[in-house]
Amino acid sequence: MKYYHHYDLYCFFTATLTYDTLRFGEFEDFPETPEPVWILGKQFNKDEILSDITSRMWFTYRKNFQPIGGTGPTSDTGWGCMLRCGQMILAEALIRRHLGRDWRWVRGQRQREEYISILNAFIDKKDSYYSIHQIAQMGVGEGKSIGQWYGPNTVAQVLKKLAVFDKWSRLAVHVAMDNTVVIEEISKCKGSHHWTMEGACAEPEGPLEINGCLEGACALAEEALWKPLVLLIPLRLGLSDINEAYIETLKQCFMMPQSLGVIGGKPNSAHYFIGFVGEELIYLDPHTTQPAVELCESGQIQDDSYHCQHPPCRMHICELDPSIAAGFFCQTEDDFDDWCAHIRKLSTCRGGLPMFELVDSQPSHLINTEVLNLTPDFSDSDRLERFFDSEDEEFEILSL
């Protein structure tokens with residue numbers, strides 16, 4: 001796969017212009033509209049939108065952080081936009097996990113410890129669970145060199161691997177391949193806590209360290225047979241453009257209470273889509289270069305730059321690149337059952353094509369992606385990646 005230097009220049013100038021715009025506050029206000037506004041499973045009126053969007057984590061390009069790998073890049077400008085979108089969708093899952101959907105960030109207000117732990121997991125340093133350093137280095141095992149652009153499938157696979165090390169959140173991250181969600185595979189994630197016969201969570205041998213913060217034993221309130229589920233579904237909704245038959249179904253996904261949004265964008269320019277109004281998608285744009293943030297001696301973080309405090313960006317839904325990954329979060333097994341009921345109902349409705357299939361067990365014709373060795377050579381996994389990631393212009397889908 002080749003690395004697009006002309007794209008680097010494009011993203012550099014885009015990021016510079018966006019940062020200038022950010023500084024001078026020249027953003028288009030959210031329009032008056034009779035259309036309902038849906039953001040991550042909730043309907044809002046205009047007056048409520050900015051408070052909700054400001055409370056989402058906003059990860060952008062950064063500069064002057066520690067070199068990745070010790071000698072690598074100190075900025076991700078021009079190549080890290082999809083990595084930042086991956087951070088945003090996972091951060092939303094952690095907020096749901098520890099703070100809840102209705103939690104609100106207020107500028108200048110002392111934040112809860114759970115929030116500080118979440119933000120600390122994404123700070124641009126090598127020992128944060130989901131830092132740009134960890135994602136870039138884990139991507140090497142997916143055949144991506146440091147500094148190379150990712151597609152939605154690649155970042156989903158990397159986040160799945162990194163979540164294993166996050167003992168505080170104890171997430172089950174499942175990446176559904178081949179446009180199919182297999183309930184049987186998700187059920188296998190249920191028993192991976194270390195539980196005693198009495199059903200209580202076993203005490204760890206020592207205190208857990210969460211991004212530098214010591215944490216006690218896990219909460220006993222967790223269900224013994226369920227880990228909070230982050231479901232990521234890489235999809236291709238067309239060839240070069242999105243097939244309009246999927247548009248209504250995509251909108252319905254943003255309306256589900258389990259919605260984590262969608263990562264995707266325009267060709268080679270990633271965004272984090274969090275909702276829609278009418279025929280426009282609402283998104284957070286990572287193409288702003290900001291200085292890396294250091295921890296204060298008190299352990300607090302100057303967090304203003306991690307929240308988008310201007311009206312959100314919008315684009316027509318038909319401009320969406322067809323290569324995306326949709327995300328959903330199910331805190332409990334009941335949440336997952338409710339999500340399955342939504343999907344089954346959606347598949348029977350007229351007016352749109354299902355974006356993916358929900359089945360009880362894995363059809364025999366599907367590849368078992370769990371046993372694939374994701375390596376840089378042209379293996380089955382590479383073919384899967386080439387199908388779901390649109391950055392490789394040499395790959396062509398032929399109509400039969």
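Ground rules before we start. The model is predicted, so local features need pLDDT of at least 70, side-chain atom pairs count only at pLDDT 80 or more, and totals for chains, interfaces and linings use all residues. Residues are numbered from 1 along each chain as its sequence is written, and side-chain values use heavy atoms, with hydrogens and water left out.

Start with helix α3, residues 81-98. Helices here are DSSP runs of H or I with at least four residues, strands are runs of E with at least two, and numbering goes from the N terminus. α3 has 18 residues. From first C-alpha to last, α3 reaches 26 Å, close to the 26 Å expected at 1.5 Å a residue. That expected span is 1.5 Å times one less than the number of residues.

Is α3 buried or exposed? Buried: 18 of its 18 residues are, so the helix is largely enclosed by the rest of the structure. Buried means under 20% relative accessible area, exposed means over 50%, and partly exposed is in between, with a 1.4 Å probe and protein chains only. Just after α3, Gly 100 takes a positive phi of about 95°.

Next, the cores. A nonpolar core is a set of buried Ala, Val, Leu, Ile, Met, Phe, Trp, Tyr and Cys residues joined through side-chain atoms within 4.5 Å. The largest one has 69 residues. Which members touch the most others? Ile 39, Phe 122, Tyr 130 and Tyr 272. α3 gives the most to this core, with eleven residues. Apart from it lies another core, of 40 residues, among them Leu 235, Phe 276, Ile 317 and Ile 343.

Look at Phe 122 in particular. Contact means heavy atoms within 4.5 Å. Leaving out residues up to four places away in sequence, Phe 122 touches residues including Gln 87, Leu 90, Ala 91 and Leu 94. Phe 59 and Tyr 130 are also among its contacts.

Now helix α2, residues 46-54. Ile 49, Asp 52, Ile 53 and Thr 54 are buried there. Their cover includes β1, β2, β10 and β11.

On to Asp 124, in the loop between α4 (113-120) and α5 (132-138). Asp 124 counts as buried, at 7% relative accessibility. Its side chain makes a polar contact of 3.0 Å with the side chain of Arg 84. For that term, an N or O pair must lie within 3.5 Å; within protein, one must be able to donate a hydrogen and the other to accept it, and residues adjacent in sequence count only if both atoms are side-chain atoms. Beyond four places in sequence, the contacts of Asp 124 include Arg 62, Phe 65 and His 133.

Gly 70 sits in the loop between β3 (62-63) and α3. Gly 70 counts as exposed, at 53%.

Last stop, β4, residues 172-175. Both faces are covered: Ala 172 and His 174 on one side, Val 173 and Val 175 on the other, all buried. β4 pairs with β8 (229-236) in the parallel sense, over four bridges. Pairing takes at least two DSSP bridges. His 174 stands opposite Leu 231 in β8.

Asp 178 has a positive phi near 60° without being a glycine. Asn 179 has a positive phi of about 60°, and is not a glycine either. Asp 178 is partly exposed, at 25%. Asn 179 is partly exposed too, at 25%.
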